[in-house]
Amino acid sequence: MDWMAAGVTLRLAAWTTGVLLVIGLPLAYWLATTRFPGRGVIEALVTLPLVLPPTVVGFYLLVATGPEGLLGRFLSLMGVDRLAFTFPGIVLGSVVFNLPFAVRPFTAAFESVDRRLVEAAWCLGVPRWRTFWKVVLPLSWPGILTGIVLSFAHSLGEFGVVLMVGGNIPGVTRTLSIAIYDEVQALNYAAADRMALALVGFALAVLSLTYLLQRKVVRR
Amino acid sequence: MTRLEVDIVRRYRTGFAVAAAWSQPVDRFSVTVLFGASGSGKTTLLRCLAGLERPDAGYIRLGGETWYDAATGYHLPPQRRGIGFVFQDYALFPHQTVAQNIAFGLGHLSKAERQRRVEELLALLELEGLADRYPAQLSGGQQQRVALARALAPRPRLLLLDEPLSALDGPTREVLRRKLRRWLATLGIPAVLVTHDWLEASTLGEQVIVLEAGHVLQQGPIEEVFSRPATTQVANIVGMETVVPGEVLHVAGGLAQVAVGSAKLMALAPEAVNSRVYVCIRAEEVTLLAAPPEATSARNRLQGHVVAIESEGALVRVALDVGFPLVALVTPHAREELRLEVGCTVWAVVKATAVHLVPR
């Protein structure tokens, strides 16, 4: 078992989920409530990573964050040398690639909240942000939890984007899925098996827990 | 005198437009009824008043304060209008208890004040003992009262009611209709009520605006609109042709004797009897006879004469004077058989259950 890779994997999944919460919740709320006619295009962009090969997403990220890329030039202005082959780099790649797994359930959850409850809160003089915290969030948290779990579980097994953007640096960008690939390449099937089994077990446990929790909520 | 002044147009991209204008005092209990079938635009007007929808032209003012003005593009958000909105199916927060629902708009108060206000409302709306229940554990009538309590808690300057009783079963609706008027009158809160139920309108309303397809067909004091509909269209929508003031003489065994004009009528006594009432009779409920009726189960037999006759679609509308103005709807066949002409004498028969008493 490559414990260093397991550590990187967990850190990557935790960071990815955290960042997705911060940018995904406002984006999803905007998508759920806007009447903006270009909404469909934004939704398509968010969903795109679901259908694109990870290598394509990784390739563009690599180009964009390189010294000639737009993002890369902005980052060097901010004092960041490079994102490629660093841990923040693979977090960025993982966030982009997991966007649909978080934003789509979040949006569906927000859309399922009865609009009139929001209006009732407004008519009671409650400001918009407070209405969001007191009404929308409590009523949509099962869907938000789904989004969190899906993106966490999915980024545990991230391979293509991480390999493209991060390469294979032990303790920095080498995740479990990459370690498994290496062991298989080295014909070290026993080691690969242990790590693969660990990933399967962990993902299964996380998903089961979520479904159990959701059942409980629905029953109440 | 502080007044609510409304003159707005709301246009939709489909071409549908709603327009209405009225004014009402807001420094005392007063109710304007927006009356019409579903799709008439009455709920749209209410949502514009709340600030949930933005009109396309006109203005809304309360006292010296502007809520909406198309000329300047000014639109005050719902949070700052100081209104209470009771939604048709209540829109209670399902994840909060009754007490939390009622306290929801009281964030500006201290904890102790908030608790006192919640208890006041629980007592006023007869919700004691339900404070810790969730909305799903309440009956329809209880939910309705919680919705009302929640809207009243922050002491709104104007209460907006969207078909507040329509989701209730008959007996509950009957009881709440009377109580609703008492509560609003006790608190002195002005209200705008959306309904398609004439009984609700006449129990609660002072002025009524009859809407169809986004247009105002008639507006004015409720008894005037209901008893003298300007057009047959209005008469059909309100469905209540005779509305006359009366005085309850006495009540016995659930029946009330009412003096109306120079006639006396028997009616089912409402739960809380005012001595001053409006007597309401639908034209379809009036039977006409050419000769004095013999034994009949109908309690009201009135002699009078025909004042006017006009045909109305497949039916004939006969205006009578039986000691008070009474309208009957009969078929053209009946008109021929009875040889009805203006000035001729007829007897009108009305069952006691068809005479509705509305407190005035």
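Q: How far apart are the end C-alpha atoms of residues 12-32 of chain A, and how much of the span is helix?
A: In this predicted model, the ends of residues 12-32 of chain A are 28 Å apart, and the span is 100% helix with 0% strand.

Q: What does UniProt list for that part of chain A?
A: An unreviewed UniProt entry gives 12-32 as "transmembrane region", along with 44-63, 83-103, 135-156 and 195-213 of chain A.

Q: And residues 44-63, what's the end-to-end there?
A: For 44-63 of chain A the end C-alpha atoms lie 22 Å apart, with 90% helix and 0% strand.

Q: Switching to chain B: what order do the strands of the open sheet run in?
A: That sheet has 5 strands, ordered β2-β1-β4-β5-β6, with antiparallel pairing. β2 (17-25) and β6 (74-75) of chain B each have a single partner strand, so one side of each lacks a neighbour in the sheet.

Q: Which helix packs on the sheet?
A: Helix α1 (residues 42-50) of chain B, which touches β1 (3-11), β2 and β4 of chain B. Its direction makes about 120° with that of β1(B).

Q: How many bridges link β4 and β5 of chain B?
A: Strands β4 (57-62) and β5 (65-69) of chain B pair over 4 bridges, antiparallel. B:I60 of chain B sits opposite B:Y68 in β5(B).

Q: OK, the largest nonpolar core: which residues touch the most other members?
A: Out of 159 residues, those are B:V33, B:L160, B:V210, B:V238, B:V279, B:A328 and B:A348. Helix α5 (residues 87-111) of chain A gives the largest share of this core, 13 residues.

Q: What does B:A348 touch?
A: Leaving out residues up to four places away in sequence, B:A348 touches several residues, including B:V286, B:L302, B:L320 and B:A328.

How values were computed
Residues are numbered from 1 along each chain as its sequence is written. Chains are lettered from A and ligands numbered from 1 in the order in which they are written. This is a predicted model: local features need pLDDT of at least 70, side-chain atom pairs count only at pLDDT 80 or more; totals for chains, interfaces and linings use all residues. A nonpolar core is a set of buried Ala, Val, Leu, Ile, Met, Phe, Trp, Tyr and Cys residues joined through C-beta atoms within 7 Å. A residue is buried if 20 or more other C-beta atoms lie within 10 Å of its own, exposed if 12 or fewer, and partly exposed in between; C-beta atoms are placed from the backbone. Helices (H or I, at least four residues) and strands (E, at least two) are DSSP runs, numbered from the N terminus. Two residues are in contact if their C-beta atoms, placed from the backbone, lie within 7 Å. UniProt positions are given in the numbering used here, feature names are shortened, and annotations may be inferred rather than shown by experiment. Two strands pair if DSSP finds at least two bridges between them. Axes are lines fitted to C-alpha atoms, for helices over the stretch in contact, and angles run from 0 to 180 degrees between N-to-C directions.
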